[in-house]
Amino acid sequence: MARQTVIEAIRQAMDEEMERDPSVFVIGEDVGRRGGVFLATDGLHKKYGEMRVIDSPLAESCIVGVAIGAAVNGMRPIAEIQFADFIAPAMNQIIEEAARFCYRTAGDFNLPMVIRAPWGGGVHGALYHSQSIEATFSHIPGLKVVAPGTPADARGLLKSAVRDPDPVLYLEHKRTYRLIRGEVPDGDGLVPIGKADVKREGKDLSLIAYGLMLQYCLEAAEKLAQDGVSAEVLDLRTIKPMDEAAVIATAKKTGKVLVVHEDNRFAGIAGEVIAVIMEHAFDSLDAPVMRLTAPDVPAMPFNHVLEEAFMPNVDKILAKARELAAY
Amino acid sequence: MADSAQVVREQDPVRSVLRADGSLAGDPRRALGLTPEGFVDLYRKMVSIRRADQEALNLQRQGELGLWGQFLGQEAAHVGATMALEPTDWIFPSYREFGMAMCRGIDPATMLTVFRGLTHGAWDPRKFHFAPLAIPVATQVPHAVGFAMGSRLEGSGEVVLVTFGDGATSAGDWHEAMNFAGVFKAPVIFLCQNNYWAISVPLPRQTAGRIADRAAGYGFPGIRIDGNDVLAVFAATRAAAERARRGDGPYLIEAQTYRMGAHTSSDDPTRYRTAAELEAWSSKDPIARYERWLRAEGLLDQAGVDGIGKEAESTAEKMRTRLREAPAPDPGKAMFDRVYSRPSPGFQQEREEFESSLESPG
């Protein structure tokens, strides 16, 4: 067991997978000598050389397109999009090609690749360095979307994503990079894709979240306990495929559910979670399922006041959770 | 450059080996390294894919296929390029490369099941070293570069050929991929089948410059050849492949050809082009001029021509029969089988619900 930050866990996962499997390589902007703008690939260029830690020209569509081609060749690329906000130029390659490639083949063909993208706000990143993209990509059949919130999950899910036979969009919340520190297990520490995790047991109500919001929900649960409210916190970890059984189980257990995410509200992940609960746990509910999300505006200016106003935080979660508890 | 490239270098700006009248502008026999049987085989393959292409159009007209995109007039590009590669080299096609697929040994009837709407995928790319057809324009170009980067990492020595039309050269992915390949000296051959028409938009409305010239901007050579000359395509592709295999990086070939048919069976080219233009290109037909040369060289006689024609007829007939026998797929299997290699429990459940919803309610 070692205590690590999220960014250290991500770096270690890439290092371990590259060490284990020579077909694993990293490609992205500034991932080489610079070690990535967040230092996620720090030291990898020196250790593995420029052919396995490839500084790409500034062209996101090509980064993903080249990764697809390499995966066709049996490689296991990890493509880094420097900020999730800049993934849009690569959407054609991700949606029309990566997600549909296997579907357009026969036989034993598959397309193993990972696309890493730092996402989310809270770092004074402003409009183009703060956005959330999970709902947009979770809608696409053929893609898997993961969003870990702890160092152990960040490492375990990235290693699982590299070993997965299909394309995985790996979202790493940049506010968690150095904020969250935690125990990372010895050994492989693989975390299966598609499995949620109860991060705190409770009986009165359930908070469902992922990424940075997981941390805020855990802090809120601690405060709720002081009020005598026992809150369960379910970490989705994988957004798609969603662990529906875990969502249903917590809803049935507590009968009151609040879903929290930082992405925009309309057609967001909360909508899908709530639909699953309504389909499978309606009879167990003691209150309408609630959601707390960012408003339907395109991220925020970087001023602290505006950023706080835009993002869900512990206080907002507490207020909503108390409303739910009192229902 | 290898010897073979000299053959196409002699004429500028459009380099050809065979003149339109079927006479020779170089000495391909020595430079191309082809045996007499090899020369005849190029002819056999062009005749065979043209006949299959016509049969596919007939099948579409008979309602047996949903759509067909003819490659009539582009047979020299399909055959010359494919046969100049090693079988282990990879091809990343666009959507009109049925002829290339046939040259690679993919069963034409199986391939037509895609156009019959029975499946999205008819072959395992790794088995034939032939990527899936790319319907979104130019998306396959970065794939070829990525594949080539993988070959370099593995040291496999495989070369990649990616082909696209003149319209694709306007797309951002094309530029990004050419740029990337130049920076990393990726072993890629960029084969532009410049067939003059992107649906209804002619070349001058697609680009103001010469496509081959653009390679210079990315730091590697480009060449403009007569794309209706199978020997020129063969020579240029072979030279580009040798160059890439040596580690000298990418090469752009602009093969000037002409789309004699419609864009697809849904298109009506009489709305935007003249019969006179079509007629002018008919005189440059890739098969007729090559046949004249083979006959003049004594490599092919009437009996040979007849025999090859019969073979092509038989291939087309078998393709038709086998296509009509292709079973209607099970919807669950056709739609759910290949979305994920490892389906999640939720996805499996959705499939079961989908399948049971199709069962008769009684």
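**Ground rules**

I number residues from 1 along each chain as its sequence is written, and letter chains from A and number ligands from 1 in the order in which they are written. As the model is predicted, local features need pLDDT of at least 70 and side-chain atom pairs count only at pLDDT 80 or more, while totals for chains, interfaces and linings use all residues; side-chain values use heavy atoms, with hydrogens and water left out.

**Entry 1: the two domains of chain A**

I started with how chain A is divided, and found domain 1 (2–184) and domain 2 (197–326). The bounds come from an automatic or database domain assignment. I looked up the spacing next: the centres of the two domains of chain A, taken over C-alpha atoms, are separated by 26 Å. Their contact (heavy atoms within 4.5 Å) takes 34 residues from domain 1 and 26 residues from domain 2 of chain A.

I then noted the buried area, meaning the accessible area (1.4 Å probe) that two parts lose on being put together, summed over both. Between domain 1 and domain 2 of chain A this is about 2200 Å², and carbon and sulfur atoms give 58% of that area.

**Entry 2**

For a salt bridge I take a side-chain nitrogen of Lys or Arg within 4 Å of a carboxyl oxygen of Asp or Glu. I count 2 salt bridges between domain 1 and domain 2 of chain A. I also looked at the pair A:D153 and A:R237, a salt bridge with its closest N and O atoms 2.9 Å apart.

Which elements give two or more residues to the side of domain 1 of chain A that touches domain 2? I find α5 (134–138), β6 (144–146), α6 (151–163) and α7 (176–179) of chain A. Helices (H or I, at least four residues) and strands (E, at least two) are DSSP runs, numbered from the N terminus. By class, this side of domain 1 of chain A has 16 nonpolar, 14 polar and 4 charged residues. My classes put Ala, Val, Leu, Ile, Met, Phe, Trp, Tyr, Cys and Pro as nonpolar, Asp, Glu, Lys and Arg as charged, and the others, Gly among them, as polar.

**Entry 2: chain A against chain B**

Here the contact takes 48 residues from chain A and 41 residues from chain B. The two chains bury about 3800 Å² between them, 60% of it on carbon and sulfur atoms. How many salt bridges are there between chain A and chain B? I count 0.

On the chain A side, β2 (24–28), β3 (53–55), α3 (60–72) and α4 (91–98) each supply at least two residues that touch chain B. The largest share, 10 residues, comes from α3(A). I sorted this side of chain A into 24 nonpolar, 12 polar and 12 charged residues.

I count 17 helices and 7 strands in chain B. I noted that chain B fills a box of roughly 75 × 50 × 40 Å with its C-alpha atoms, taken along the principal axes. Chain B is divided into domain 1 (3–329) and domain 2 (330–362), with 38 Å between the domain centres over C-alpha atoms.

**Entry 3: one more salt bridge**

Over all chains the structure holds 45 salt bridges. I picked A:E222 and A:R200, whose side chains meet at 2.9 Å, N to O. This pair links distant parts of the chain, 22 residues apart: A:E222 is in helix α8 (residues 212–226) and A:R200 in strand β9 (residues 197–200) of chain A.
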